[in-house]
Amino acid sequence: MFNPRLTETLSDFPFARLNALLGPIAPPSHLPLINMSVGEPQGAMPAFARRIVADEVDGWNRYPPNQGLPELNLAICEWLTRRYKLPKDLLDPQRHVHPTAGSKEGVYIISTVATPQQKGGGRPVVALPNPFYQAYLGGAVLSGAEPLLVNASASNGFLPDFEGIAEATWRRMSVVYLCSPANPQGAIASMDYLQKLIRLCRRHDAVLAVDECYAEIYTGEAPTGALQAALAMDETGGADPFRNLTVFHSLSKRSNAAGLRAGFVAGDPRLVAMVLRWRTYGGPQIPFAIQKAAAALWREEVHPLETREWYRRNFRVAEQILHNRFGYYTPGGGFFLWLDVGDGEAATRKLWAEAHVKVLPGAYVCRETDGVNTAKRYIRVALVHDEKTTREGLSRLASVL
């Protein structure tokens, strides 16, 4: 009755596993809950965007266009051009970008769009970093591909070694996922890393799908983008510079707008067109109010500075409290701590039982390779609260562990 790929291959979602782990434990009632398990921004979406959503009453009786409002597509192209210093008018709003319901929808769809029935004489392969965002695995499995989890551990700077994949496997590769800045470790792919990976994917006619949803949350220099890296290569011989490349962005982190579900895919026009075709059949249309608010948010550059400083303050607090413990480091981007606590599940239970702090075991966003879960020692801690709450949560963590 059910699709076995969904029921047998995909394991329980991390937060369902977390609830099962903590369900039998009664936390201390005298301490208020501090939930640091979910990467859900606790800051407010800018007031001007909230007003647009509230005031846009005339569009609710009409079907929004699947291809996106022209003003939104243009705003996305203008933002990409500013953020990544691309040549003016390089990006065509009708060819190079397409709005999605957050970046999650886009990264899921791309495997379906880009995975044939067979490749290289066998079942196609979709490679993803390990640890990983669940939508990558869902896209790989439900497209019918064989998921290949490539470890991203401390030994390789928390960036997966895709170059180490065997040539026979590369011949079957349909999609390669990368997240930069990485979730959960915050590692940032360099220009050189991105360009080597783009070349590998082009050589084997695979699609590189780069999730850049944390690109505006960084502690030092702004992360290099994959579009930027591809353009700098200038190896297309007159073809589109973004051949075999897609990137995914969202307003969830940049604008504290996780509930808005506003993101986009950009890159190779052939792939963008196929994402639109897929969404025409099975994707949700994005309401006019959401699209108009999203266009305004992509055009405004003050609030991301404030958001970035919010997280930088939290990392300064983390540095003060944890600087010499749990392998602490300040990540290049994102808003997670990736802490080596010896046993992630045991630490998670202890924090819940003694401190009423909820975190996520690292093993829940990672799968075993060669019989080993490389994230078993870790917990993921989301620094999404205000500075006062963050200080209290990390202080409890340090005192209990």
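This is a predicted model: local features need pLDDT of at least 70, side-chain atom pairs count only at pLDDT 80 or more; totals for chains, interfaces and linings use all residues.

Colleague: Is aspartate 340 buried, exposed or partly exposed? And which residues does it touch, not counting those up to four places away in sequence?

Modeller: Aspartate 340 is partly exposed, with a relative accessible area of 23%. Leaving aside residues up to four places away in sequence, aspartate 340 touches Phe326, Arg377 and Tyr378.

Colleague: Which backbone nitrogen does the side chain of threonine 100 reach?

Modeller: The side chain of threonine 100 reaches the backbone nitrogen of phenylalanine 264, at 3.3 Å. Threonine 100 is found in strand E2, residues 97-100, and is buried, with a relative accessible area of 0%.

Colleague: How should I read the packing of two helices?

Modeller: Two packed helices are described by the angle between their axes and by the distance between those axes. Here the axes of helix H5 (residues 102-114) and helix H11 (residues 269-282) come within 10 Å and cross at roughly 100°. H5 and H11 are therefore roughly perpendicular to each other.

Colleague: Which residues of H5 and H11 meet, and how do they divide by class?

Modeller: From H5, the residues are Glu105, Ile109, Ile110, Thr112, Val113 and Ala114; from H11, they are Leu271, Met274, Val275, Trp278 and Arg279. By class, this contact of H5 with H11 has 8 nonpolar, 1 polar and 2 charged residues.

Colleague: At what angle do the axes of H8 and H9 cross?

Modeller: The axes of helix H8 (residues 191-203) and H9 cross at roughly 75° and come within 9 Å. H8 and H9 are therefore roughly perpendicular to each other. On the H8 side, the contact is made by Met191, Leu194, Gln195, Ile198, Arg199 and Arg202; on the H9 side, by Ala226, Gln228, Ala229, Ala230, Ala232 and Met233. The residues of this contact of H8 with H9 divide into 8 nonpolar, 2 polar and 2 charged.

Colleague: Let us turn to charged side chains. How many salt bridges does a search of the whole structure find?

Modeller: The general idea is that side chains of opposite charge can pair when their charged atoms come close. A search of the whole structure finds 15 salt bridges. One of them joins glutamate 78 and arginine 299, whose closest N and O atoms are 3.3 Å apart. Glutamate 78 lies in helix H4 (residues 70-84) and arginine 299 in helix H12 (residues 288-299), so this pair ties together parts that are 221 residues apart in sequence.

Colleague: What is the relative accessibility of glutamate 78, and what is that of arginine 299?

Modeller: Glutamate 78 counts as partly exposed at 31% relative accessibility. Arginine 299 counts as partly exposed at 38%.

Colleague: With which residue does glutamate 301 form a salt bridge?

Modeller: The side chain of glutamate 301 meets that of arginine 82 in a salt bridge of 2.8 Å, N to O. The two are 219 residues apart: glutamate 301 is in the loop between H12 and helix H13 (303-322), and arginine 82 is in helix H4. A further salt bridge, at 3.3 Å from N to O, joins the side chains of glutamate 216 and arginine 254. Glutamate 216 and arginine 254 are both buried. A network of salt bridges links Arg82, Arg83, Glu216, Arg254 and Glu301.

Colleague: What should I look for in the backbone itself?

Modeller: Most residues other than glycine have a negative phi, and most peptide bonds are trans. In this model, the peptide bond from asparagine 130 to proline 131 is cis, with omega near 10°. Another cis peptide bond joins serine 180 and proline 181, with omega about -5°.

Colleague: Where does asparagine 244 lie, and what is its phi?

Modeller: Asparagine 244 lies in the loop between H9 and strand E7 (245-250), and its phi is near 65°, a positive value in a residue other than glycine. Histidine 356, not a glycine either, has a positive phi of about 55°. At 12% relative accessibility, histidine 356 counts as buried.

How values were computed
Residues are numbered from 1 along each chain as its sequence is written. Side-chain values use heavy atoms; hydrogens and water are left out. Axes are lines fitted to C-alpha atoms, for helices over the stretch in contact, and angles run from 0 to 180 degrees between N-to-C directions. Helices (H or I, at least four residues) and strands (E, at least two) are DSSP runs, numbered from the N terminus. Angles under 35 degrees count as roughly parallel, over 145 as roughly antiparallel, 65 to 115 as roughly perpendicular and the rest as oblique. Contact means heavy atoms within 4.5 Å. Ala, Val, Leu, Ile, Met, Phe, Trp, Tyr, Cys and Pro count as nonpolar, Asp, Glu, Lys and Arg as charged, and the others, Gly among them, as polar. A salt bridge is a side-chain nitrogen of Lys or Arg within 4 Å of a carboxyl oxygen of Asp or Glu. Buried means under 20% relative accessible area, exposed over 50%, partly exposed in between (1.4 Å probe, protein chains only). A polar contact is a pair of N or O atoms within 3.5 Å; within protein, one must be able to donate a hydrogen and the other to accept it, and residues adjacent in sequence count only if both atoms are side-chain atoms.
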